[in-house]
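Reader: I would like a close look at a single part of this model. Please keep it brisk and stay with the coordinates.

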Amino acid sequence: MNNYLEFNFKISPLQPWNEILMAELIEIGFDSFTEEHDGILAYIPKDLFNENDLKQIHLIQNPEISISYTYQEMPNINWNEEWEKNFDPINVENQVSIRAEFHENQNLPHEIIIQPKMSFGTGHHATTYLMIQQMLDMDFENKTVLDMGCGTSVLAIFAKQKGAGKTVAIDIDEWSVENSKENAVRNNVELEISQGTADNLGNENFDIILANINRNILISDIPTYVSVLNDGGQLLLSGLCFFDVDDILEVCTEQKLTLKRKLQREEWVSLLLEK
Ligand SMILES: C[S@@+](CC[C@H](N)C(=O)[O-])C[C@H]1O[C@@H](n2cnc3c(N)ncnc32)[C@H](O)[C@@H]1O
């Protein structure tokens, strides 16, 4: 198992720069965060950390914002315990409850049980919330679905609950794959889960592709997603900040996708596109 580094960032002024810093950190490999009153704690697998990447983050170079950090190695963290401390049930539009087994049932029309371990996707984060919010109004009945960058597979599980047919969930990260398998069993849905990236696509097509990853991965992988999306199919994206939207839409326009709906929550955005 990979050891993690814990970074303690102090940020002033705090908002909205804490969320924007998180977006930039995700792009260089950070994968978990805890919000503090004066900054954030951010975690990255030790093997992925490169101090030059961190120094090149625009926000850290911005003289109008004060950002300082210290870091330490975190061997053998019990992530389940950490999550239990920090994970509250999520309510999306009074329709979907995302909770752990140890939380009480919220009695909403949809319920997703997640034990997140180290994988991203509890609905805490605005991007997961936005994806679920968009999905509430989409028709999944008998559709083939790809959840790319599935994390906990919260989105794939919700797609199945909304009647999806064959649903494939893929993540680059081994822990996410393991966790997705456990969550599929917990929620009593059948998913085809594997470790991989867009490079593994090509053998089958989908009616709906969900991809909540990050700006750079999306820009490079949208053409591959579109190549396996059926005509008339839908591509639902998030992991972007409002200032990434123009760059993403440029790629989407080149791929002849039409923007159907844009939702924003804090500085995060989700885009629903149609082929
Ligand atoms: C922002 S999380 C989204 C998780 C979940 N789908 C959700 O909406 O809550 C992004 C996920 O994408 C995965 N990921 C990052 N780069 C990837 C890539 N190139 N291909 C596939 N998955 C990737 C990460 O491991 C992480 O689990």
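Which side chain of opposite charge is nearest to Glu 19, and how far away is it? Please take in the surroundings of Glu 19 as well.

Author: The model is predicted. The side chain of opposite charge nearest to Glu 19 is that of Arg 265, 8.4 Å away. A salt bridge needs a side-chain nitrogen of Lys or Arg within 4 Å of a carboxyl oxygen. Glu 19 therefore has no salt bridge, although Glu 19 is buried.

Now the contacts. Setting aside residues up to four places away in sequence, Glu 19 touches Glu 35, His 125, Glu 266, Glu 267 and Trp 268.

Next, the helix. Glu 19 sits in H1, which covers residues 17-27. Nine of the eleven residues of H1 are buried, so the helix is largely enclosed by the rest of the structure. The buried set is Asn 18, Glu 19, Ile 20, Leu 21, Met 22, Ala 23, Glu 24, Leu 25 and Ile 26. An α-helix has 3.6 residues a turn, so residues three or four places apart point the same way.

Both sides of H1 deserve a look. The peptide bond from Ser 12 to Pro 13 is cis, with omega near -5 degrees. The bond from Gln 15 to Pro 16 is cis as well, with omega near 0 degrees. After H1 comes Gly 29, with a positive phi near 110 degrees.

Then the domains. The domain assignment gives domain 1 as 4-77 and domain 2 as 137-274. Their centres, taken over C-alpha atoms, are 26 Å apart. Six residues of domain 1 are in contact with eight residues of domain 2. Between them the two domains bury about 670 Å². Carbon and sulfur atoms account for 61% of that area. Glu 19 matters to this count: together with Ile 20 and Glu 27, Glu 19 supplies 64% of the area that domain 1 buries against domain 2.

The polar side of the interface is quickly told. Zero salt bridges are counted between domain 1 and domain 2. One residue pair is in polar contact, with both residues at pLDDT 80 or more.

Some backbone and packing details lie elsewhere in the chain. Asn 94 has a positive phi near 55 degrees and is not a glycine. Asn 94 belongs to the loop between strand S5 (90-92) and strand S6 (96-99). Its relative accessibility is 52%, so Asn 94 counts as exposed. Ser 153 also has a positive phi, about 70 degrees, without being a glycine. Ser 153 lies in the loop between strand S8 (145-148) and helix H6 (154-161). At 0% relative accessibility, Ser 153 counts as buried.

Last, Ile 219. Ile 219 lies in helix H8, residues 215-227. Its relative accessibility is 26%, so Ile 219 counts as partly exposed. Apart from neighbours within four places in sequence, Ile 219 is in contact with Asp 247, Ile 248 and Val 251. Ile 219 and Asp 247 are 28 residues apart in sequence, but 7.7 Å apart in space, C-alpha to C-alpha.

Methods:
Residues are numbered from 1 along each chain as its sequence is written. Side-chain values use heavy atoms; hydrogens and water are left out. Helices (H or I, at least four residues) and strands (E, at least two) are DSSP runs, numbered from the N terminus. Buried means under 20% relative accessible area, exposed over 50%, partly exposed in between (1.4 Å probe, protein chains only). Lys and Arg count as positive and Asp and Glu as negative; His and the chain ends are not counted. Contact means heavy atoms within 4.5 Å. Domain bounds come from an automatic or database domain assignment. Buried area is the accessible area (1.4 Å probe) that two parts lose on being put together, summed over both. A polar contact is a pair of N or O atoms within 3.5 Å; within protein, one must be able to donate a hydrogen and the other to accept it, and residues adjacent in sequence count only if both atoms are side-chain atoms.
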